[in-house]
Amino acid sequence: MDGGELNYLSGKLNFIQRQGKNFYADFLRPLFFEGFAKPAEHRTPQARALLGSIKYLNGGLFLEHTVERDNPDISIPNGAFEGLLRLFSSYSWNLNDLPGENDDEINPDVLGYIFEKYINQKAFGAYYTRPEITEYLCEQTINRLVLEAVNVPTIPGLPQRRHFDTVADLLLNLDAALCRQLLLDTLPKLSLLDPACGSGAFLVAALKTLINIYSAVVGKIEFLNDSTLRGWLETARRDHPSLSYYIKKRIITDNLYGVDLMEEATDIAKLRLFLAL
């Protein structure tokens, strides 16, 4: 934040307190609604001076909530944020969803755990699903869809068509034709819906499953003399600074869908996918 300042929030809290102002009203609201929610050129001069160099985080995560719009006079004392930032600083934060080696390590999976553990589970039917379970379910469903799209039934009297029993077998035997089918037809057309998405555990697992398939296909292109595939790869690298980011964004945009009875759940699901980017 602001040129690599690692203690940005605590530094701004001290700055606001020295001025006798309120951290929530005079800093956090401008940070969220003027900083993260707007490109730099659309921010007010006062916000640019207060916030410094802040990335624009598109995606709707930092828009005003209904509670904030209906209650513009919300007041939160600075002391609350002193305790909160002190609590946050006692943990090691990691964007990797894999379990950490240290007891003080926090990753995005904790969002789902907290949400599904502390809401009224009986009323909403929300239960924490462990990553290994969601990953297994995604592999069983997504891999089957991919195989169904690729495998062509053999017609009696005609030569045996190529058939794959597993996605691992498929990815091990990729050729130009299979790569073109997967990259340009099968993968972009997959629509995966979680009808009770909760905090997005299934969607995050689906993202990982599809990334593995995309990565294998893209990695194979380097060894194939196919003009269509090389053209796709060259265009993607030219138009996108990070190929990995582009593939993740494409999956989230084209393939993943989630609905839930609770609006808060869909907000957390969006955040989980945003952090994955």
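User: Before we start, what counts as a helix or a strand here?

Analyst: Both are DSSP runs, numbered from the N terminus. A strand (E) needs at least two residues, and a helix (H or I) needs at least four residues. This is a predicted model, where local features need pLDDT of at least 70, side-chain atom pairs count only at pLDDT 80 or more, and totals for chains, interfaces and linings use all residues. Residues are numbered from 1 along each chain as its sequence is written, and side-chain values use heavy atoms, with hydrogens and water left out. So, back to your question: the helices and strands are DSSP runs.

User: Where is D2 found, and what is its phi near?

Analyst: D2 is in the segment before α1 (8–18). Its phi is positive, in a residue other than glycine, and the value is near 50°.

User: Is N78 buried or exposed?

Analyst: N78 lies in helix α5 (residues 78–89). Buried means under 20% relative accessible area, exposed over 50%, and partly exposed in between (1.4 Å probe, protein chains only). The relative accessible area of N78 is 15%, so N78 is buried.

User: Which residues is N78 in contact with, leaving aside its neighbours within four places in sequence?

Analyst: Contact means heavy atoms within 4.5 Å. With those neighbours left aside, the list for N78 is L13, Q17, K21, N22 and F23.

User: Which residues of α14 are buried, and what arc do they cover?

Analyst: The buried residues of α14 are A265, T266, I268, A269, R272 and L273. They sit on the same side of α14, because the arc around the axis, taken from the directions from the helix axis to the C-beta atoms, is only 160°.
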